[in-house]
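Please keep the structure in view while reading.

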Amino acid sequence: MSSPAANSRFTGVDFYEADRLLSEEERAIRDTVRTWVDDNLMPIIGDCYVEGRFPKELIGGMGELGFFGANLPEAYGCAGLNNVAYGLIMQELERGDSGVRSFASVQGALVMYPIFAFGAEEQKQYWLPRLASGEEIGCFGLTEPDFGSNPAGLVTTARKGDGGWVLNGTKMWITNGSQATVAIVWAKVGEVDDPASIRGFIVPTNTPGFTAKDQKGKLSLRASDTSELHLQDVHLPVDALLPESSGIKSPLMCLTQARYGIAWGAIGAAMACYDEALRYAVNRVMFDRPIGQTQIQQVRLADMLTEITKAQLLTLQLGRLKDDHLLTPQQVSLAKRNNVNMATECAREARRLLGANGILAEYHSMRHMANLESVYTYEGTHDMHSLILGEKITGLSAF
Amino acid sequence: MKIAVCLKRVPDTTAKVVIADDGVSIDPTGVKFVPNPYDEYAIEEAIARKTAAGEGETVVVSLGTDAAQETIRSALAMGIDRGVLLQIAEHPDPAAAAALLADELATGGYDLILMGKMAVDDSQHQVGPQVAERLGMACITAVAHLKIDGGTVTAEREIEGAVEVVRCGLPAVITCDKGLNTPRLPALKGIMAAKKKPLDIKPVTAGESAFEVLSLTLPPDRPPGRIVGEGPDAVPELVRLLRTEAKAI
């Protein structure tokens, strides 16, 4: 393995030549996103994070290059990529920042995907090209103040009235909530104890009765908007309903899509931390030698490289399974759980290797470390994925 | 307007170069190859001119090994219409390369032929002018600003301490310098569309070389830095060394 180049461009981490397992297009797509992140996101992300600001100015460029909903068909203005290429986009975006990857995940997997999977043809024709270009920004309202790991218990309601639907409820921890122009809101059309009555609705956020406010005081994902949504007598036309959505299974299908992207994204964050730690270790001199020449830092770097390499091979196979329509939600759980935990550990060790410099926003590892605590917790906590796997293994549900 | 772009596959400028056992070439093992960065200005210029005109054709021609197909497709992904690979086992010297490229370009009826002012691997700066000579076309090298009005080309070249403005007629060969434009990133749809665009592969054989590379050596390692002191007290010594040793002031 060559030592890090003198310049600051990110050249990836590929100890097992996993690049050989990618097609030419997959590599070209990965390289486009990588270059875009180096040129557009890296120069500003530290400041965005400190200021607690999502870099809105990048949305148009991401849309133009085709980063949103890239695995959906070209007929709807999307890039029509396979799932490995889609995963590589998430990996490279999260190499920059988990918040920016979260934006793209929500837009693609949680807003465009449900419209694609559960929407009527007119809904797809109208919304998907606008969301792909970034002209419209979406958010996904499932989680509620009292229903996180247990979304089936949600109490937001949709009632028939006025020749359409009337929605009432509160959603929490909603990425992109305050800047979204459209929300996918999950509500019960039947009794609140009946998860089979959960349906999805397309809610333009300028509909009277819809309000969103940012959740303040976040110490993680600071370059991402996280909001609370209030729906008070929100009147919607009859065609706001996603006609093919049906029960709790529908939003969970969306989450499987998003978690798949997160499994890839976490590798990007881990690679960023490893890359930063390696560059620092070979340049930082202490006791008259680079700290990279000490056993303790070599163990850190060896552990990081080992875990990143394992995650790369695991996740690539997950992607191939998805492209072959063989993927199970439990396989996604395993990858999300493993990779995010792995990335969180890498970020923590990289920050420690960086010594005092590691607490500065000028370096990236502590930002990734703080971000990954959210990623560890959202889209199914690490613990919930343990239980999902436990249920799959034993046939006995512990939740 | 019909525009050709000559494109060379070169090692990434960030790659750590290792000299091969033959002593006259670099070892490609583990090296990432990219489109020659100066040729990317030519690609961008061709695409932008065709887009602005709303008509015409852009063709990328690359002399190289089979692996250069990937490099050609990266140009197609950016928006070039079709590609031609002049397939050869190894890169010949600039004179032989120019002869092969000129043979291909002569039959294409091109109004404008664009390429980088040099390839970053061998820094010869020769192929553009030699192609122009062989085709009997005007050649303006190292162009940083380009205007085309009907059949007239007006180009600006950044020369030492000044800008030179040059005019010639079409058809012409223009070699591109930094500053001409900002090459676009290929959009993801462009990458997917590239594999469906035509790519002709034409095996070629190089003629006689005009010269022979005798040896290739890496520059010596930079000597380590020297700390002459710390804080304001170090300034007089630093100034003295800059004056007497480095002769920088």
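## Two interfaces

Three salt bridges (a side-chain nitrogen of Lys or Arg within 4 Å of a carboxyl oxygen of Asp or Glu) are found across the interface of chain A and chain B. In one salt bridge, the side chain of Lys32(B) meets that of Asp31(A), at 3.4 Å from N to O. This is a predicted model, in which local features need pLDDT of at least 70, side-chain atom pairs count only at pLDDT 80 or more, and totals for chains, interfaces and linings use all residues. Residues are numbered from 1 along each chain as its sequence is written, chains are lettered from A in the order in which they are written, and side-chain values use heavy atoms, without hydrogens and water.

An automatic or database assignment divides chain A into domain 1 (4-133), domain 2 (138-240) and domain 3 (249-394). The table gives the buried area, which is the accessible area (1.4 Å probe) that two parts lose on being put together, summed over both.

| Interface | Buried area | Share on carbon and sulfur atoms |
|---|---|---|
| Chain A and chain B | about 1,500 Å² | 63% |
| Domain 1 of chain A and domain 2 of chain A | about 1,700 Å² | 65% |

Of the area that chain A buries against chain B, Glu24(A), Glu25(A) and Leu65(A) supply 34%, more than any other three residues. Contact (heavy atoms within 4.5 Å) between the chains involves 24 residues from chain A and 13 residues from chain B. Between domain 1 of chain A and domain 2 of chain A, the rule finds zero salt bridges.
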